[in-house]
Amino acid sequence: MNSTDTAQAEGKSTSAERPGRSTAAPLEFRHVNKVYPGATEPAIEDLSLEVGAGEICVLVGPSGCGKTTAMRLVNRMIDLTSGDILLDGESIMTGDPVRLRREIGYVIQQIGLFPHRTIAQNVATVPKLLGWNRDRIRARTTELLELVGLAEMADRYPGQLSGGQRQRIGVARGLAADPPLMLMDEPFGAIDPITRERLQNQFLRLQADLRKTIVFVTHDIDEAIKMGDRIAVLRKGGRLAQYATPAELLMNPADDFVEDFVGADRALKRLALLRVRDFDLWSTPTVRPGDPTAAAREQAERSDLHHALLLDDHGRPQGWLSERDLRADAVPEIPDTVAVVIDRDSTLRDALAQLLEDGAQYGPVVDSEGRVLGALSVELISRFLASGDTTAEAPTDRAEAAAP
Ligand code: ADP
C-alpha cells in the first residue's frame with residue numbers, strides 16, 4: 001500500500017495515442033517561487049519536488065502555508081514568480097494556459113457543479129469544451145458515472161443529490177477528459193466524517209485502477225497519511241519542511257515542526273497506514289434465522305471469536321447471538337446485540353474509531369458486496385500497536401512472534 005511502484009504508468013502517454021486507456025504523467029516543481037503582488041513575504045519559496053506518474057502527492061500544512069497557491073501554480077490559475085513546473089517533462093509555461101487547464105483535472109471542495117445542467121451534462125463539461133463528438137461524450141459520461149457508482153443519476157440535477165454523491169460527480173467530472181494530472185483541493189473537506197471516510201475509500205479504490213498523478217491539498221494530517229503515496233509538509237512561507245512517504249513521516253519526522261504537526265499520537269496514526277483487508281482477521285461463524293442453535297454454539301466455540309454472527313436473507317450481518325439467543329432451539333430473526341459492520345477498505349484507524357464510538361469490542365468485516373470476511377477486534381488492533389510495526393505484513397504473526 002502507498003506503493004511508489006508506478007512503473008506501469010511511467011513515461012509519456014496521451015489520450016490521443018492510447019484512446020480509452022488511463023493516462024498519467026510525472027510532475028516536477030523546480031525551485032518554484034511565488035510572491036503575490038504587493039506582498040513582502042513569498043507565499044512559496046524555492047519549492048522543489050517530484051511526483052511520479054500515477055502517485056498521489058499530498059500537500060499539507062497549517063493554514064496560510066501556501067498549499068493552495070502551490071497547487072494553483074500547476075494549472076496556471078496563478079502565475080509563477082520564478083522557477084518552473086514540468087508536466088510530463090515539459091514546462092507548463094510553454095503552452096496556452098486555457099488549454100493547460102482543460103488538460104488537468106480539477107476537483108474542489110465546493111464541487112462547483114452547474115445547478116441547471118444535468119449530472120451527465122456536468123460531467124461532459126470539459127470533453128465538450130475540447131470539441132469531442134456527441135457519441136464519444138456520451139460513452140465517456142456513461143463510463144464515468146458507472147465508475148463512481150452513480151449511473152442512475154445521469155438525468156438528475158445537482159440539487160437532487162446528497163453532498164457525498166455530488167462530490168463523486170465532481171471527481172467524475174475531473175476525470176472526464178482522462179487528464180494526465182488531477183488537482184484536488186480539499187475535495188472531501190465539507191463532508192461529514194462518516195461519508196468522508198467512505199468517499200476516501202472509494203476514491204482510493206478508483207485510484208488503484210486509474211493510477212492518475214494527483215496533487216491533493218488538505219490541512220488534515222490524518223487525511224494526508226491515508227491518501228498520500230508521498231506527503232509534502234509545508235511550513236509558513238511555502239517552504240518544504242519534509243517530503244516523504246507516510247511511514248517515513250511518522251517514523252522519522254525531519255524536525256520539531258514536522259513532529260508537532262504530525263502530532264503526539266504518532267503511534268496511533270500508524271493505524272492509518274494499514275487497511276483492514278491487510279490484516280489477519282478472526283474467523284467468525286455465520287448463521288441464519290431458523291438454524292439450530294446447537295450447531296451455532298458448536299461452531300462459535302471452535303472459532304477465534306467464540307460468537308456466531310447472524311446474517312439476514314441477503315447475507316448482511318445483523319448482530320451477534322447472545323447466550324440468551326442460544327438458549328432457544330432455533331436462531332432468532334433479531335439478535336440480542338447489533339453488529340458494528342466494518343468495510344475491508346477502511347484503515348485500521350477508522351475501524352478502531354468506529355468500534356470505540358459504538359462501544360463494541362469487535363465487528364464483522366465485509367467486502368464491497370457486503371459479504372462477511374471475518375471479524376476485527378480491539379484486541380487484534382492493540383496487539384498490532386504493541387508490536388511497533390508500521391507495515392502491513394502479517395501483523396498478527398509478528399505480534400505473536402514478539403510476545404514472550
Ligand atoms: P493555504 O492554502 O496553505 O491555506 P494559501 O496558498 O491560500 O495557503 O496562502 C499562502 C499565503 O499567500 C498566505 O499568506 C495568503 O494570505 C497569501 N495569499 C493567498 N492568496 C493570495 C492573493 N490572491 N493575494 C495575496 N496574497 C495571497
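Which residue stands opposite Thr337 in β14? Trp320 does. The views below are taken from a predicted model.

**View 1**
Strand β12 covers residues 309–311, and strand β13 covers residues 317–320. The two pair in the antiparallel sense over three bridges. Leu310 has Gly319 of β13 as its bridge partner. The hairpin of β12 and β13 has five residues between the strands. In this hairpin, Gly315 takes a positive phi near 80 degrees. Strand β14 (residues 337–338) runs antiparallel to β13, joined by two bridges. Here Trp320 and Thr337 stand opposite each other.

**View 1. Helix α5 and its two faces.**
Helix α5 spans residues 134–147 and has 14 residues. From first C-alpha to last, α5 reaches 20 Å, close to the 20 Å expected at 1.5 Å a residue. Its buried residues are Ile137, Arg140, Thr141, Leu144 and Leu145. Seen down the axis of α5, these fall within an arc of 130 degrees, so they line one face of the helix. The face turned away from that buried side carries the exposed residues Asp135, Arg136 and Ala139. What covers the buried residues of α5? Among the covering elements are α3 (119–123), α4 (125–129) and α6 (163–175). Gly149 follows α5, with a positive phi near 70 degrees.

Helix α15 runs over residues 378–387. Leu380, Ile381 and Phe384 are its buried residues. Glu379, Ser382 and Ala386 are exposed, on the face of α15 turned away from the buried side.

**View 2. The largest nonpolar core.**
This core holds 102 residues. Which of them touch the most other members? They are Val58, Leu59, Val215 and Leu376. Strand β3 (residues 56–60) gives the largest share of the core, five residues. Domain 1 (7–264) and domain 2 (277–402) both give residues to the core, so it lies between them. In soluble globular proteins, nonpolar side chains tend to be buried together.

**View 3. The contacts of Leu59.**
Neighbours within four places in sequence are left aside here. Leu59 is then in contact with Lys67, Ala70, Met71, Val215, Val217, Ala232 and Leu234. Both Leu59 and Val215 are among the core residues that touch the most other members.

**View 4. Two aspartates with positive phi.**
Asp46 is not a glycine, yet its phi is positive, about 45 degrees. Asp46 is found in strand β2 (residues 44–51). It has 16 C-beta neighbours inside 10 Å, so Asp46 counts as partly exposed. Asp88 is not a glycine either, and its phi is positive at about 55 degrees. Where does Asp88 lie? Asp88 is in the loop between β4 (82–87) and β5 (90–91). Is Asp88 buried or exposed? With 20 C-beta neighbours inside 10 Å, Asp88 counts as buried.

**View 5. The protein chain as a whole.**
The secondary structure of the protein chain comes to 16 helices and 17 strands. Of its 404 residues, 42% are buried. Contacts between residues at least 6 apart in sequence were also examined. Among them, 63% join residues at least 24 apart.

How values were computed
Residues numbered from 1 in each chain as written. Helix = DSSP H or I, 4+ residues; strand = E, 2+ residues; numbered from the N terminus. Expected span 1.5 Å × (residues − 1). Buried ≥ 20, exposed ≤ 12 C-beta atoms within 10 Å, placed from the backbone. Arc of directions from axis to C-beta. Contact = placed C-beta atoms within 7 Å. Core = buried A, V, L, I, M, F, W, Y, C linked by C-beta atoms within 7 Å. Domains from an automatic or database assignment. Pairing = 2+ DSSP bridges.
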